[in-house]
Amino acid sequence: MKKKSENTLGQNIFRLRKAMHMTQETLAAQLNISTQAVSKWETGQAIPDTLLLPIIAATLDTSVDMLIGFVPNYAGLSPYEQRYRTDGFYWGIKPNALAQEVLKLTYPTRPMKLLEIGCGEGRDAVFFARNGFEVTALDVTEAGLEKARLLAEANNVHVRYFQADLKHFRINENYDVIYSSGVIHHILPEWRNELFEDYREHTVPGGFNAFNVFVQKPYIPVPPDSDGDDDTWYSGELLRLYADWYVPVFQEKEFECSSGNTPHSHCMNILIARKPE
Ligand SMILES: C[S@@+](CC[C@H](N)C(=O)[O-])C[C@H]1O[C@@H](n2cnc3c(N)ncnc32)[C@H](O)[C@@H]1O
């Protein structure tokens with residue numbers, strides 16, 4: 001006899017289809033296949049073609065990992081997992097200044113897709129969704145994403161959140177905006193070219209990439225609350241990755257900070273770049 005767990009994929013398709021109030025017929029029509037095929041998957045009599053999995057996942061607003069029931073071990077990948085388990089919102093719910101800058105440059109007067117990398121507890125993802133963007137956002141922490149979902153719910157907006165490690169995540173659709181605040185110091189030097197090529201390539205012509213990152217200055221000591229896995233970015237390194245795009249915003253800012261209760265200084269590069277049409 002077939003064990004129930006053997007049809008995780010079919011059960012997930014069934015569950016997610018129902019959650020999206022879709023009939024087998026609607027899903028089949030969207031996938032351009034027969035209703036009978038969907039029925040066979042859901043009852044475990046057949047499984048979808050591998051190449052169809054990303055399309056099914058996108059249609060059901062999920063990831064291929066979630067669809068096939070793969071649970072990678074993300075624990076310990078981010079020091080923020082524990083911080084997000086405490087009460088309240090660790091970073092607050094007010095959007096970052098960078099998110100507000102992006103909105104000034106690219107207000108969604110037509111449906112616009114935005115991807116946020118390292119959304120934490122969702123303050124920027126929700127801000128963009130409230131301002132009319134169709135938002136997809138990832139983070140490596142489970143606790144951050146739980147709070148992010150609650151924040152979206154409380155604000156009556158839909159954000160497509162999913163758990164992923166940015167090191168392994170590769171984009172499979174194009175976005176009008178790719179955005180990340182306070183995160184890319186986690187991108188080690190040896191991954192930078194490949195990951196940024198992926199971000200650039202998956203931005204629509206005329207679309208934007210927006211990032212900020214702490215940069216090293218020889219006269220500024222390493223901050224006391226620096227994450228263990230931080231890796232140095234050099235002043236101007238981010239700008240160099242966008243040398244062939246328009247750059248409406250590039251700033252280098254030095255500022256004082258008292259996080260961790262020890263006063264210290266930071267230097268940050270802030271970039272918003274626009275892909276040529
Ligand atoms: C300083 S927080 C910023 C969070 C959010 N962008 C904000 O401003 O509120 C950095 C975020 O990067 C996430 N992060 C760290 N390493 C990551 C990785 N390898 N993949 C995906 N997210 C990661 C952390 O979980 C954390 O939420």
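1. Start with the surface. The protein chain exposes about 14,900 Å². Carbon and sulfur atoms supply 53% of that area. Keep in mind that this is a predicted model.

2. Now the interior. The protein chain has 277 residues, and 48% of them count as buried. Buried here means under 20% relative accessible area.

3. Overall dimensions come next. Along the principal axes, the C-alpha atoms fill a box of roughly 70 × 45 × 35 Å.

4. On the fold, the protein chain contains eleven helices and seven strands. Take the contacts between residues at least 6 apart in sequence: 71% of them join residues at least 24 apart.

5. Turn to the ligand. Which residues are the closest to it? They are Tyr84, Gly118, Arg123, Asp139 and Asp165, out of 21 residues that surround the ligand. By class, this shell has nine nonpolar, eight polar and four charged residues. Helix H6 (80-84) supplies at least two residues of the shell, and so does strand S2 (134-139).

6. The side chain of Arg123 places an N or O atom 2.7 Å from an oxygen atom of the ligand. A backbone N or O atom of Leu166 is 2.8 Å from a ligand nitrogen atom. For Val140, a backbone N or O atom lies 3.4 Å from a nitrogen atom of the ligand. On its own, the ligand has 590 Å² of accessible area, and the protein covers 95% of that.

Methods. Residues numbered from 1 in each chain as written. Predicted model: local features only at pLDDT ≥ 70, side-chain atom pairs only at ≥ 80, totals over all residues. Heavy atoms only, no water. Near = heavy atom within 4 Å. Polar contact = N/O pair within 3.5 Å; in protein donor to acceptor, adjacent residues only side chain to side chain. Areas by Shrake-Rupley, 256 points an atom, 1.4 Å probe, with all protein chains shown as cover. Helix = DSSP H or I, 4+ residues; strand = E, 2+ residues; numbered from the N terminus. Nonpolar A, V, L, I, M, F, W, Y, C, P; charged D, E, K, R; others polar. Buried < 20%, exposed > 50% of the residue type's maximum accessible area, 1.4 Å probe, protein only. Contact = heavy atoms within 4.5 Å.
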